[in-house]
Amino acid sequence: MDEATADGPAGPYEAGPWRNYFLILLDRIPVPIAVCKAHGEVLIANPAMAAEWGAAPGQLRGRNLLDLFRPRSQAQIDRLVDALRLGRRSRYPVGVRWRAGADGMEREGELTVDPVGDPSVRPPALLALLRVHADTPPAPAPARGAAGPVETRILALAASGATTAAIGSHLGLTVDGVNYHLTRLSRRWRVQGRTALVAKAYVLGVLAPGVWPPAPAQAPEPEPPEG
């Protein structure tokens with residue numbers, strides 16, 4: 001993930017009629033996934049990857065994987081950089097550590113990095129899948145009566161009357177990504193429908209009473225923690 005290998009036109013990474021379908025598919029996959037430029041800059045992250053940082057996917061865009069994760073072996077990074085320079089395409093595992101969520105819990109796992117895209121495009125984009133080690137404690141989830149920072153932002157926008165598409169545009173989520181978070185909240189709070197979710201958010205103190213436009217009772221952190 002060397003800067004010297006990275007910069008080509010952004011178009012091959014971002015354009016194409018497949019992009020919307022690909023985003024919808026990513027949002028539905030529970031495995032943490034990111035698509036990056038060759039030097040590691042995140043282009044797309046799915047909700048599962050963003051959840052490791054208590055963030056919305058759009059907040060990871062533009063970050064570098066090497067800022068989010070600490071490689072356990074520089075030799076694995078060097079091997080990947082050399083392969084990209086030589087145009088090789090294979091699967092490269094990189095053992096990593098990172099600190100998840102607002103409490104900074106240390107976690108360990110493996111990033112599996114695959115060069116992807118048209119073989120004629122140099123350098124290629126990278127598809128990074130994160131596998132959390134089985135003996136690593138799970139990332140802390142919000143308590144039953146609480147909401148995570150992304151969920152809180154969604155609820156505040158929903159309370160203001162924003163459509164699902166508008167919420168997604170504001171937070172860097174697809175429509176499926178917004179629905180993914182709303183569905184998780186519905187299960188946790190055992191209510192159905194957006195109106196009931198907003199009402200419960202006020203009852204639980206997640207949204208500030210007497211405020212317009214609707215706002216979180218406690219403002220969530222604007223950026224995910226440094227890795």
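The model is predicted: local features need pLDDT of at least 70, side-chain atom pairs count only at pLDDT 80 or more, and totals for chains, interfaces and linings use all residues. Residues are numbered from 1 along each chain as its sequence is written, and side-chain values use heavy atoms, with hydrogens and water left out.

**Overall make-up**

- The protein chain has 10 helices and 6 strands; helices (H or I, at least four residues) and strands (E, at least two) are DSSP runs, numbered from the N terminus.
- Of its 227 residues, 44% count as buried; buried means under 20% relative accessible area, exposed over 50%, and partly exposed in between (1.4 Å probe, protein chains only).
- Among the contacts in the protein chain with a separation of 6 or more, 57% come from residues 24 or more positions apart; contact means heavy atoms within 4.5 Å.

**Helices α7 and α8**

- Helix α7 (residues 149-159) and helix α8 (residues 164-171) have axes that come within 10 Å and cross at roughly 135°.
- That angle makes α7 oblique to α8; angles under 35 degrees count as roughly parallel, over 145 as roughly antiparallel, 65 to 115 as roughly perpendicular and the rest as oblique.
- Axes are lines fitted to C-alpha atoms, for helices over the stretch in contact, and angles run from 0 to 180 degrees between N-to-C directions.
- The crossing of α7 past α8 is right-handed; a crossing is left-handed if the near helix is turned anticlockwise from the far one by less than a right angle, and right-handed if clockwise.
- On the α7 side the contact is made by V150, R153, I154, L157 and A158, and on the α8 side by I167, H170 and L171.
- These contact residues of α7 and α8 divide into 6 nonpolar, 1 polar and 1 charged; Ala, Val, Leu, Ile, Met, Phe, Trp, Tyr, Cys and Pro count as nonpolar, Asp, Glu, Lys and Arg as charged, and the others, Gly among them, as polar.

**Helices α9 and α10**

- Helix α9 (residues 175-189) packs against helix α10 (residues 194-203) at an angle of about 65°, with the axes 11 Å apart.
- Here α9 passes α10 in a left-handed crossing.
- From α9, L182, L185, S186 and W189 meet R194, L197, K200 and A201 of α10.
- By class, the contact of α9 with α10 has 5 nonpolar, 1 polar and 2 charged residues.

**Two residues of α9**

- S186 lies in helix α9 and is buried, with a relative accessible area of 12%.
- Not counting residues up to four places away in sequence, S186 touches V191 and L197.
- S186 and A196 are 10 residues apart in sequence, and their C-alpha atoms are 8.9 Å apart.
- H181 is also placed in helix α9 and counts as buried at 6% relative accessibility.
- Leaving out residues up to four places away in sequence, H181 touches P47, V150, E151, I154 and L173.
- V150 and I154, both touched by H181, belong to the α7 side of the contact with α8.

**Aromatic contacts**

- The whole structure holds 2 aromatic pairs; rings of Phe, Tyr and Trp (its six-membered ring) pair if their centres lie within 6.5 Å, and planes under 30 degrees apart count as stacked, over 60 as edge-to-face and the rest as tilted.
- The rings of W53 and F69 have centres 5.5 Å apart and planes at 75°, so this pair is edge-to-face.
- W53 is in the loop between α3 (47-51) and α4 (57-60), and F69 is in the loop between α5 (65-68) and β3 (70-71), 16 residues apart.
- F69 and W98 also form an edge-to-face pair, at 5.3 Å centre to centre with 75° between the planes.
- That pair links F69 to W98 in strand β4 (residues 92-100), 29 residues apart.
- W53 and F69 are buried, and W98 is buried as well.
- W53, F69 and W98 form one aromatic cluster.

**Backbone exceptions**

- Most residues other than glycine have a negative phi, and most peptide bonds are trans.
- R190 is not a glycine, yet has a positive phi of about 60°.
- R190 sits in the loop between α9 and α10 and is exposed, with a relative accessible area of 67%.
- W212 and P213 are joined by a cis peptide bond, with omega about 0°.
- P213 lies in the segment after α10.
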